[in-house]
Amino acid sequence: MKKKFSMILILTAMIAVLFSAGAAQAEKAHERRIRMSADLINKMAQESDASSLADVINSGRGVAIFPAVTKAGLIVGGQVGEGVVFLKKGKGKWSGPAFMGLSGASVGFQIGAQSVGLVLVITNEDGLRAFTGDNSFKLGADVAIAAGPVGRDASAATDGRARASIYSYSMSKGLFAGVSVEGCVINQNRDASEAYWGRPLTPKAALAKPATDRRVAALVNALNNLVKKAPK
């Protein structure tokens, strides 16, 4: 009887250790995603045409950052990536994050590239509703998306007449450009959201919270530093 009881205690302890390890790994995953997103924004801010992206973000409603969208297969094309979403609440103020995933059609990888950093800029109410809804949505079908304008085209995208609800920008192999991701699907990442917030939250609820936590401070600073590059 004592041996059986001891075995039960050992098994219970092992399960607890495995559960704790899994929780710690999930926490590391979402923190790594935030750190990589900050690194991507900082790199984009150093590009010669960063002012175009900054201008679109400055006049937009929010951003979704996917720091490492990778190829999902060699024969059948497809991409997968995990990202974070923030809404712009005023000068230097953001709310979020919400955690989301991206999968589906081609992102237009350069030859030899295995991964791209992707930033989606939410420009209007339609884009906002897509990211704050409870369901997944398809870019280009459920919400209008276009490759982000660069250079002189950027000013036309920030004068209130733009048709796209989302503009996309990518960075691959040190190059920065607008890119089309039409056909990709955006879905909620509930596990990452619960790991960050400590309880289940819908995207709408998460994106209503001020982004003032120290865990996202570096990313918020990176976004604000990029926005400063927008033309006056």
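**Figure 1. E82 and R33 pair through their side chains in a salt bridge.** A salt bridge here means a side-chain nitrogen of Lys or Arg within 4 Å of a carboxyl oxygen of Asp or Glu. The model is predicted: local features need pLDDT of at least 70, side-chain atom pairs count only at pLDDT 80 or more, and totals for chains, interfaces and linings use all residues. Residues are numbered from 1 along each chain as its sequence is written, and side-chain values use heavy atoms, with hydrogens and water left out.

**Figure 2. The E82 and R33 pair links distant parts of the chain.** E82 sits in strand β2 (residues 79-90). R33 sits in helix α1 (residues 2-45), 49 residues apart from E82. Helices (H or I, at least four residues) and strands (E, at least two) are DSSP runs, numbered from the N terminus. R33 is buried at 6% relative accessible area; E82 is partly exposed at 45%. Buried means under 20% relative accessible area, exposed over 50%, partly exposed in between (1.4 Å probe, protein chains only).

Figure 3. R35 is partly exposed at 47%, and D39 is partly exposed at 36%.

**Figure 4. R129 meets D126 in helix α3 (residues 125-132).** Their salt bridge has its closest N and O atoms 2.3 Å apart. The spacing is 3 residues, about one turn of the helix. D126 is partly exposed, with 41% relative accessibility. The structure holds 5 salt bridges.
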